[in-house]
Amino acid sequence: MMQKECLGCKKISYSSGDSYSWFCPYCRTDMTRQKAIPAQHETDWIPSEGAYPFLLRDVKLDTSC
């Protein structure tokens, strides 16, 4: 996973690659020409009852669905 820091809003955006157009999901700044780096974040994995685990990043798990 790759990441870029938006020059406009300073938030981090994540993607599986960087060989295509990349726009900030928060403020829509074009980050295509910025260099991506390997994602550097801590994650917590929580087992689920289904086939896939949940990935949490600074948010609470919504179990209402």
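Contact here means that heavy atoms lie within 4.5 Å of each other. With that in hand, welcome to this predicted model.

View 1. Among contacts in the protein with a separation of 6 or more, 31% join residues 24 or more positions apart.

**View 2. The protein's surface and its buried share.** The accessible surface comes to about 5,400 Å². Carbon and sulfur atoms own 52% of that surface. Of the 65 residues in the protein, 18% count as buried.

**View 3. The largest nonpolar core.** Five residues gather here: Cys-6, Trp-22, Cys-24, Met-31 and Ala-36. In soluble globular proteins, nonpolar side chains tend to be buried together.

**View 4. Cys-24 and its partners.** Stay with one member of that core, Cys-24. Setting aside neighbours within four places in sequence, Cys-24 is in contact with Cys-6, Cys-9, Thr-29 and Met-31. Cys-6 and Met-31 also belong to the largest nonpolar core.

**View 5. Leu-7 in its loop.** Look for Leu-7 in the loop that runs between strand E1 (2-5) and strand E2 (12-15). Is Leu-7 exposed or buried? Leu-7 counts as exposed because its relative accessibility is 61%, and the cut-off for exposed is over 50%. Leu-7 and Cys-24 sit 17 residues apart along the chain, and their C-alpha atoms are separated by 9.3 Å.

Definitions and conventions. Residues numbered from 1 in each chain as written. Predicted model: local features only at pLDDT ≥ 70, side-chain atom pairs only at ≥ 80, totals over all residues. Heavy atoms only, no water. Core = buried A, V, L, I, M, F, W, Y, C linked by side-chain atoms within 4.5 Å. Buried < 20%, exposed > 50% of the residue type's maximum accessible area, 1.4 Å probe, protein only. Areas by Shrake-Rupley, 256 points an atom, 1.4 Å probe, with all protein chains shown as cover. Helix = DSSP H or I, 4+ residues; strand = E, 2+ residues; numbered from the N terminus.
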